[in-house]
Amino acid sequence: MLGMKWVLVTMKGGGEGKMVLFKSKMKWIGLLGLVLSAFSLFTHFLLAHYTDHHSTILSPDSITIFSWRPIFDIPPHLSSTNRPLYRRLWGPVRRLESLHPHANPRANYEEQKICNVSCSSEYKSFPYLYNEDQFMAALAKDVKIVKTLPKNLKGARKKKEIPTFRVPNSATPYFYLHHVLPVLNKHSVVELVVYDGGCLQAILPPHLEEYQRLRCRVAFHALRFRQEVQELATRILNRLRAPGRPFIAYDPGMTRDALAYYGCAELFQDVHTELIQHKRSWMIKRGIVKGNLTINSAEQRLNGSCPLMPEEVGMLLRAYGYSWDTIIYVSGGEVFGGQKKLIPLHAMFENVVDRTSLATTWELNKIYGREANLVDKYPRTPPSVKEEMKLEAWKTSGPRPRPLPPPPARPKYPYNIEGWWGWVAESDNEPDSTVMELRTNAHKLLWEAIDYTICVEADVFIPGFDRDGKGRPNFASLVMGHRLYQSAASKTYRLDRKEVAKHLEEIREHLYEANHTWIMSVRRHMRRNLLDGLKEDSARSKRLSFLSFPAPECSCLSSESTETLFHGSSPSARVQIPAALRVTHPCPAWMETDTSSWPRDKESEEDLDDEDNAMSSALFFRHSSDGNNESGGGDINKEEGTPMEDQEELEGGER
């Protein structure tokens, strides 16, 4: 028995030894795994640091705006601003280089004292978007502005004893002088209610020209967005310009109101056509639109009354010579028709960005300020009285058997009814805006302020449409007017949509394989409308909105241009400035001092136009690297050209 116990003890002790040995092996294996993991992480960080260091050395001109955005590299044709191709695509308009902004008073005019009686102190509408202190300081020499009414007039306002005027759209000076001014002199205060914008007619008599310049000082100098909005807009601009490359700002202008006003419903499909028609019916009932509900959208498009689709704008830019890696900033909110309307533009240009891709959600939320939390985002509608009576009758219908209750309705989830598209299948009447929709509309004002700043500062601006839902100048028109005032020579394409529609109809059967003749005609149209578009806007847009065309009242000519204009020996020299601008006022001496050091290229713009003759066709989409287009330039003079590599042909044609 003792031996047996000893054997058992020995066997037990051997088992414990094996267990201890097994545990020690597991510890060593775990330790080895930790060491290998640490070594792997160290190697990864070392390689990442080594790769970043060498990529910075090899490519100093590349930058990643965000980790999910493409890298904006500087292509060879943009490495020098003196190359003909660069000047043709991004250079200033030569005949407008001598036009400068000058909205300072040029004569003595009576100072007016205006008391601010708007509801900004209650609803914070003005300071929500603009810098109030900057506005008051900038106009201190022109207009006396106060934030609140004097104490003796506050009580009158609460009692609604202040005279109120509903200002009609484009009111004449006669209205203010003979209706408003006598009441203002009598009561010391009046309240002007402007519902539809444009409280003063665009074109004023010649003796009121100083007030036109006051308009420019108000719109382009005094009105500044509040600091948070301006800082975010500047940050986005810096991110766009960080690679050292120019960029294009594009405003689609595709709003539901504008599409309904001009009858462009058939350009869309499914629910969007129904939404446009519903809005047009609403406009007809209120007298905004005079015409039939059903209208031929194809004819409207050919007449130039409908917006250019993003696909069509992309084709124009590609035909003009902009390469597939051009940076394009899309302004505005959600494009009507959804993001699918932007898919062709993304296919033609790799670097299509917008506000949401260049700013984080935290940065956008910061400009909203403190907002109250909405507890019930989608409040449930209470059951109708009829349904309650049915349910009560079923409960008190007597002993069983009794009829079964009606089946419950299909549950409606928030994502099924959210937005302006959720009511179409349920009702013919558009519901009132919810609290969240009203808040989103307020946020859109801030988004448009950011887009406005970026579009004004862009190297090139191209609009898809320049009219709003009432036939008046829209966001794009105001941007073009600001650019005409601030930097008239910057490239702003004022396209003739009727001519563009004709060009596009010519290649409708082979949309993405344009020939040399078509491309050259498109380029001539776009170059010609850089100046000819000013003539059309001066006759069409200015009479509706002065700020969409603030020339010649708010512009001046440099002394060199003035001498050329009045003392030029040749007829061609006398038409250096387009006649539509009618600018004759010379710039002051201090402005000449600032601009004398600017480099001026002696080469005329017409010389650059002749450099395109060696080019035949362009490919609207980026080439794949399968080597299928190695045929060279053998067919470059054929009318029906085949697609070829655009960038190499552009550079070859400019040499």
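Mentor: We'll take helix packing, then the rings, then a loop residue.
Mentor: This is a predicted model: local features need pLDDT of at least 70, side-chain atom pairs count only at pLDDT 80 or more, and totals for chains, interfaces and linings use all residues. Residues are numbered from 1 along each chain as its sequence is written, and side-chain values use heavy atoms, leaving out hydrogens and water.

Trainee: How do the axes of α13 and α22 cross?
Mentor: At roughly 100°, and they come within 9 Å. Helix α13 covers residues 310–320 and α22 covers 516–540. Helices here are DSSP runs (H or I, at least four residues), strands likewise (E, at least two), numbered from the N terminus. Axes are lines fitted to C-alpha atoms, for helices over the stretch in contact, with angles from 0 to 180 degrees between N-to-C directions.

Trainee: Which residues make the contact?
Mentor: From α13, Leu-316, Leu-317, Ala-319 and Tyr-320. From α22, Trp-518, Ile-519, Val-522, Arg-523, Met-526 and Arg-527. Contact means heavy atoms within 4.5 Å.

Trainee: OK, rings. How many aromatic pairs?
Mentor: The count is 14. Rings of Phe, Tyr and Trp (its six-membered ring) pair if their centres lie within 6.5 Å; planes under 30 degrees apart are stacked, over 60 edge-to-face, the rest tilted.

Trainee: Why is the pair of Phe-220 and Tyr-485 stacked?
Mentor: Their planes are at 20°, so the pair counts as stacked, with centres 4.7 Å apart. Phe-220 is in helix α8 and Tyr-485 in helix α20, 265 residues apart.

Trainee: Is Phe-220 buried or exposed?
Mentor: Buried, at 4% relative accessibility. Tyr-485 is buried too, at 5%. The cut-offs are under 20% relative accessible area for buried, over 50% for exposed, and partly exposed in between (1.4 Å probe, protein chains only).

Trainee: And what does Tyr-320 pair with?
Mentor: Tyr-493, edge-to-face, 5.8 Å centre to centre with 75° between the planes. Tyr-320 lies in α13 and Tyr-493 in the loop between β12 and α21, so the pair ties together parts 173 residues apart in sequence. Tyr-320 is buried at 1%, and Tyr-493 at 0%.

Trainee: Switching topic: where does Ser-305 lie?
Mentor: In the loop between α12 and α13. Ser-305 counts as buried at 19% relative accessibility.

Trainee: What does Ser-305 touch?
Mentor: Tyr-262, Cys-264, Gln-300 and Phe-465, not counting residues up to four places away in sequence.
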